[in-house]
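Colleague: Please take me closely through one part of this model. I would like the helix packing, residue by residue.

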Amino acid sequence: MIFKYDVIVIGGGHAGCEAATAAANMGAKTCLITMDMNKIGQMSCNPAVGGIAKGQIVREIDALGGQMAKVTDATAIQFRMLNRGKGPAVWSPRAQCDRGKFIWKWREVLDQTPHLDIWQDQADELLVKDGEAIGVKTIWGVEFYAKATIITAGTFLNGLMHIGRHMYPGGRIAEPAVYHFSESISQHGVRVARMKTGTPVRIDGRTVHFEDMEMQPGELDFHQFSYMGPHRLLKQLPCWTCYTNEEVHEILRNGLADSPLYNGQITSTGPRYCPSIETKLVTFPDKNQHPLFLEPEGETTEEMYLNGFSSSMPMDIQLAAIHKIPALRDAKVYRPGYAIEYDYFDPTQLKHSLESKIIKGLFMAGQVNGTTGYEEAGGQGTMAGINAALYCGNSEPYIMKRDEGYIGVLIDDLTTKGVDEPYRMFTSRAEYRILLRQDDADARLTEKSYELGLAKRDRYDWWIKKKNAIQSIMEFCENTSVKPKEINSSLENLGTTPLHEGCKVADLVARPQITLQNMADILPELKLLINKPEDRVEEIAEAAEIKMKYKGYIARERVVADKMHRLENIKIKGHFKYNELHEISTEGRQKLERIDPETLAQASRIPGVSPSDINVLLVLMGR
């Protein structure tokens, strides 16, 4: 049996779902091939979306016209804006989701996406002809041919699970591993290596002593992930916090000899920023406790996720240690934690479009590129779907710059620096993070996405309406003056210095003690502006306030970013035979030869390429 498409997507996880819907919504005839249609969009680890910098990625996916934010909002059972005590550059949304409803909401989205088919099967072989990917063959002998193929196989490629000394093949618990497919790719010169990740026990909430835990409620304000769509449809639930103790640690230390991480059973690298509980004990031997977060898995289930207790220790060790935590002394578990090793492909062999430099028409996204996290996967999937659709139409790829989005930072880091451990996004990885706030992703990306054909008219119209509303508020504040006698008593009540002479409202809003709402309570005209009876008025007011408060910082960072654009505009790919450039360092030659950067700016970010090497390239380009 043979099928023909424009785009084939292999894998129905977070990267695959975004890739498939993006390509299809851009008009490409697309097929998503997945092993189990009932596990589409499965949250393999914690039942949450977002977090530090990850939340910004989800907002960017939404601004581009992707789906993760809307699926999250529709299935959220708790929402919080993290880092509210710091500046808005690092505010990050995070939501607990109902795991089961999340899957079925994704199914609903996929089923209603035009130009998109789903086929339940397992890819067995990448079909390549004359250095170009032309399709895949499945384990049932079905052949799919397409102009572009996107690999988003997550942890399934040669997946191997570990619990203590027990090992069992699998891509996820109770799901089979995928064999042969990695080899059908690597035989063409694509470098493959191994990584490891893990997950904790799932606990029966009926057996937890919540009276011995601290409740962590969510927030009930206007914030949500999507710029469009309904607000908090499901019942909102709390999370709970507690700590490990020395008794817990002693049991775990005594079991280290049987830990796959420390007995030589696992040799691949795990995520640095989400370590197992046994790794925490070894890395931080002086800490006598570690925080744990008990998170609900859904609106109506008793299953709970013990965040912070990821482990691949033997089952009896895991259970004995958990029972030494007072709140979990009688806990029953649904399943133990486990580790999993899997194949990934060297992302420095990818172009910034996420197309392979080795096999034409082959795109990759998600954990197969060495990342960890649903959000990083979804961001890559969106970009791979966009670029696969553009590839089918013989159009230039869309490359997101580092000052345009965290997704741009992510892809540039992967393709320029590569990975030696699972890559996780943080705000600290972005040098322009005051330009990449969670509140302005639509300002950065929606108009561009509309031009590409992914963001639809309703999303574009909403952004234009929002942009005009923000501009109206800012123009009022920048053009309206207030006098001391009119406002000083109110300023003193707000704990800020009274005026000695008149000033613009925008100057007052820039003060840390003042908010737009404060000023609206004083100025009736402003109140009318920020309390219009329309959608998302709070979001609009917040965006305007942030732009006024941080105007100077934003402008300064924009200048720095624009200077870097000059280097981004100097194309160097194909200009040099690096192994013959003895004017630059040996390490610089080797790294430049291996990465083969597109621009001088990308070359400057390659580890091992020095500023003097860049100066030499600049001189040679001038020559």
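Modeller: Here is a close look at one helix and its neighbours, with another helix pair alongside.

This is a predicted model: local features need pLDDT of at least 70, side-chain atom pairs count only at pLDDT 80 or more, and totals for chains, interfaces and linings use all residues. Numbering starts from 1 along each chain as its sequence is written, and side-chain values use heavy atoms, without hydrogens and water.

Start with helix α4, residues 99-111 (a helix is a DSSP run of H or I, at least four residues, numbered from the N terminus). Two packed helices are described by the angle between their axes and the distance between the axes.

Take helix α3 as the partner. Helix α3 covers residues 68-75. The axes of α3 and α4 come within 9 Å (lines fitted to C-alpha atoms over the stretch in contact, with angles from 0 to 180 degrees between N-to-C directions). They cross at roughly 135 degrees. The pair is therefore oblique (under 35 degrees is roughly parallel, over 145 roughly antiparallel, 65 to 115 roughly perpendicular, the rest oblique). The crossing of α3 and α4 is right-handed (the near helix is turned clockwise from the far one by less than a right angle; anticlockwise is left-handed).

Helix α3 brings M68, V71, T72, A74 and T75. Helix α4 answers with K101, F102, K105, W106 and V109. By class, six of these residues are nonpolar, two polar and two charged (Ala, Val, Leu, Ile, Met, Phe, Trp, Tyr, Cys and Pro are nonpolar, Asp, Glu, Lys and Arg charged, the others, Gly among them, polar).

The model's salt-bridge count comes to 45.

Next, helix α1, residues 14-25. The axes of α1 and α4 come within 11 Å and cross at roughly 20 degrees. That makes α1 roughly parallel to α4. Here the crossing is left-handed. Helix α1 contributes H14, C17, E18 and T21 to the contact. From α4 come F102, W106, V109 and L110. This contact has five nonpolar, two polar and one charged residues.

Helix α2 covers residues 54-64, and helix α9 covers residues 374-392. Their axes come within 9 Å and cross at roughly 25 degrees. Helices α2 and α9 are therefore roughly parallel to each other. Helix α2 passes α9 in a left-handed crossing. K54, I57, V58, I61 and L64 of α2 make the contact from one side. E375, E376, G378, G379, T382 and M383 of α9 make it from the other. The class tally is five nonpolar, three polar and three charged residues.

Helix α1 runs roughly parallel to α4.

Note on methods: Helices (H or I, at least four residues) and strands (E, at least two) are DSSP runs, numbered from the N terminus. Contact means heavy atoms within 4.5 Å. A salt bridge is a side-chain nitrogen of Lys or Arg within 4 Å of a carboxyl oxygen of Asp or Glu.
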